[in-house]
Amino acid sequence: MIQIHNPVGKRRRIPLTPLIDVIFILVMFFLLSSTFGIWRPLDVALGSGESVGAADNSRISTAPAVLIVLKMGAGSDIPELIVNGLPVTLGELGNELNRLAAAGAETAVLIPHKATDFQQVVHILDAAKATNMKRVSLKLD
């Protein structure tokens, strides 16, 4: 009998490099297209009375009831937060502003020191906005 010999070919391995490239591209796409932080607008009225943002474009006609001063400490780079003459921490700011709002205060003005970091000013404005104050202004020199 005649035997036909079937040649056994080498098994080729599936290349994994293109698969890894595609997976890497998909991971990068999903990382770059997703949002991890919560972005919310921070409407702040400028000290001149003009309002920035879509919430309120009216003029401020009354004097502010709360004065928030951010100044640099003597001999240190740590800013001090003073609300109506009383030193407070950033954690206590919300409670103090809510207490003043309950006493009838409606507006607050933040006056930062020239050397204050902008991110620190945004943290303070964000904390003030989360309180019962109706208007929060920023006075820049």
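**Exercise 1. Salt bridges.** Determine how many salt bridges the structure holds, and describe the pair formed by arginine 99.

*Solution.* The structure holds 2 salt bridges, a salt bridge being a side-chain nitrogen of Lys or Arg within 4 Å of a carboxyl oxygen of Asp or Glu. The model is predicted: local features need pLDDT of at least 70, side-chain atom pairs count only at pLDDT 80 or more, and totals for chains, interfaces and linings use all residues. Residues are numbered from 1 along each chain as its sequence is written, and side-chain values use heavy atoms, without hydrogens and water.

Step 1: Arginine 99 pairs with glutamate 96, with 2.6 Å between the closest N and O atoms.

Step 2: Both residues belong to helix H2, 3 residues apart, which is about one turn of the helix. Helices (H or I, at least four residues) and strands (E, at least two) are DSSP runs, numbered from the N terminus.

Step 3: Glutamate 96 is buried at a relative accessible area of 14%, whereas arginine 99 is partly exposed at 47%. Buried means under 20% relative accessible area, exposed over 50%, and partly exposed in between (1.4 Å probe, protein chains only).

**Exercise 2. A pair between loops.** Identify the partner of lysine 134 and locate both residues.

*Solution.* Step 1: The partner is glutamate 106, and the closest N and O atoms are 3.7 Å apart.

Step 2: Lysine 134 lies in the loop between H3 and E7 and glutamate 106 in the loop between H2 and E6, so the pair ties together parts 28 residues apart in sequence.

Step 3: Lysine 134 is exposed at 61%, while glutamate 106 is partly exposed at 43%.
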